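Here is a short walk through a protein chain. Keep the sequence and the 3D view side by side as you read.

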Amino acid sequence: MLRIAVPNKGALSEPAAELLQEAGYRRRGMAKELVVVDHDNDVELFHLRPRDIAVYVGSGTVDVGITGQDMLLDSRTPAAEILPLGFARSTFRFAAPVGEHQDLSTLEGARIATSYENLVSDHLAGHGVSAEVVHLDGAVESSIRLGVADVIADVVETGTTLRQAGLEPFGDPIMTSEAVLFSRPGLELTDDAAHALEVLERRIRGVLVAREYVLLDYDVPTALLDRAVTITPGFQSPTVSPLHGGEWSAVRSMVEKAHAHRMMDELYEAGARAILVTAIQACRI
């Protein structure tokens, strides 16, 4: 069986569970269930702390895992990213009281509080900056007011929490991150597990594509068909079927969800009618 480590809590947990469920894998029935054996898909799902997943994968205890790129780098575990998963996107930045710091060069000798000690230390070393990194497990925004640090390094989303603490981000981002499916370098699997991993990757790709695309169906006068299909070229090309009588054609095309409404408007103006959009639950590309 293929052994998969998935986050058991936090911001990564629910999106990872939903992704795997949409891909056809069993979901745990209760939060305390740590291992789910999915015989139908030849996998075992181990629900672990997101920060520990890289360690388990790196040691070979499990074969592949899902965690954030930031946690992966902070673990310093050699890893081979298989697939970005499109959720838990974040930006990791330095922040300080307004006006006190401008860029990385001003951090020489500073005390920097963070939950990602290794990630920050490696970033500073890579830029030749010597500073003291103070490890905290959470609520790093309060560390400056409490006198523990001069600067923080943390995930920045809207910046609201920073502003409430009288802080502002400065300098270039340390990194941008998202959830990834990964393994250890040089992973060797049995034939069955290797096949299960191939299927897992194919299914996840199918779900990610399905989330970005919809099916667009419409009827259009055959004389206007060429114009219509230039609006909806499709993932590869549209499917065109003649309707009874020959004067109209039915068209089906896989299009990006973000552009579907614009395409519907353009199709209507081009003479198409009965324009329908249908969600795609899963696909294989």
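Start with threonine 77. This is a predicted model, and threonine 77 sits in the loop that joins helix 3 (69–75) to strand 5 (80–84). Is threonine 77 buried or exposed? Its relative accessible area is 17%. The limit for buried is under 20%, so threonine 77 counts as buried. Its side chain makes a polar contact with the side chain of serine 75, at 3.1 Å. What else does threonine 77 touch, once neighbours within four places in sequence are set aside? The contacts are Ala54, Val55, Gly58 and Leu72.

Now step back to the whole chain. The protein is divided into three parts: domain 1 (2–88 + 178–210), domain 2 (90–176) and domain 3 (213–279). Note that domain 1 is written as two stretches, 2–88 and 178–210. How far apart are the C-alpha centres of domain 1 and domain 3? They lie 38 Å apart.

An unreviewed entry gives the annotation "domain: ATP phosphoribosyltransferase catalytic" to residues 49–204. Over residues 49–204 the chain is 29% helix and 31% strand. Residues 210–281 are 28% helix and 40% strand. Their end C-alpha atoms lie 6 Å apart.

Next, look for open space. The largest pocket has a volume of about 540 Å³. It is lined by 24 residues, and the closest to its centre are Ala11, Leu12, Asp70, Met71 and Tyr116. Which elements give two or more residues to this lining? They are helix 2 (50–59), helix 3 and strand 9 (151–156).

Glycine 10 is the next stop. This residue lies in the loop between strand 1 (2–7) and helix 1 (13–22). Glycine 10 and proline 50 are 40 residues apart in sequence, yet their C-alpha atoms are 7.9 Å apart in space.

Turn to leucine 200, in helix 6 (residues 191–212). With a relative accessible area of 1%, leucine 200 is buried. Which residues surround it in contact, leaving aside neighbours within four places in sequence? Leucine 200 is in contact with Leu2, Ile4, Leu20, Tyr25, Val64 and Leu181. Valine 43 is 157 residues away from leucine 200 along the chain, but the two C-alpha atoms are separated by 9.3 Å.

Aspartate 42 is not a glycine, yet it has a positive phi of about 60°. Aspartate 42 lies in the loop between strand 2 (35–38) and strand 3 (43–48). Its relative accessible area is 25%, so aspartate 42 is partly exposed. Alanine 274 also has a positive phi without being a glycine, here about 50°. Where does alanine 274 lie? Alanine 274 belongs to strand 15 (residues 273–279). At 48% relative accessibility, alanine 274 counts as partly exposed.

Technical notes:
Residues are numbered from 1 along each chain as its sequence is written. This is a predicted model: local features need pLDDT of at least 70, side-chain atom pairs count only at pLDDT 80 or more; totals for chains, interfaces and linings use all residues. Side-chain values use heavy atoms; hydrogens and water are left out. UniProt positions are given in the numbering used here, feature names are shortened, and annotations may be inferred rather than shown by experiment. Helices (H or I, at least four residues) and strands (E, at least two) are DSSP runs, numbered from the N terminus. Domain bounds come from an automatic or database domain assignment. Buried means under 20% relative accessible area, exposed over 50%, partly exposed in between (1.4 Å probe, protein chains only). A polar contact is a pair of N or O atoms within 3.5 Å; within protein, one must be able to donate a hydrogen and the other to accept it, and residues adjacent in sequence count only if both atoms are side-chain atoms. Contact means heavy atoms within 4.5 Å. On a 1 Å grid over the protein atoms alone, a cavity is a set of points where a 1.4 Å probe fits but cannot get out, and a pocket is an open set with protein on both sides within 12 Å along at least five of seven lines; lining residues have an atom within 4 Å of a point. Grid points are joined across faces, edges and corners, and a volume is the space filled by probe spheres set on the points.
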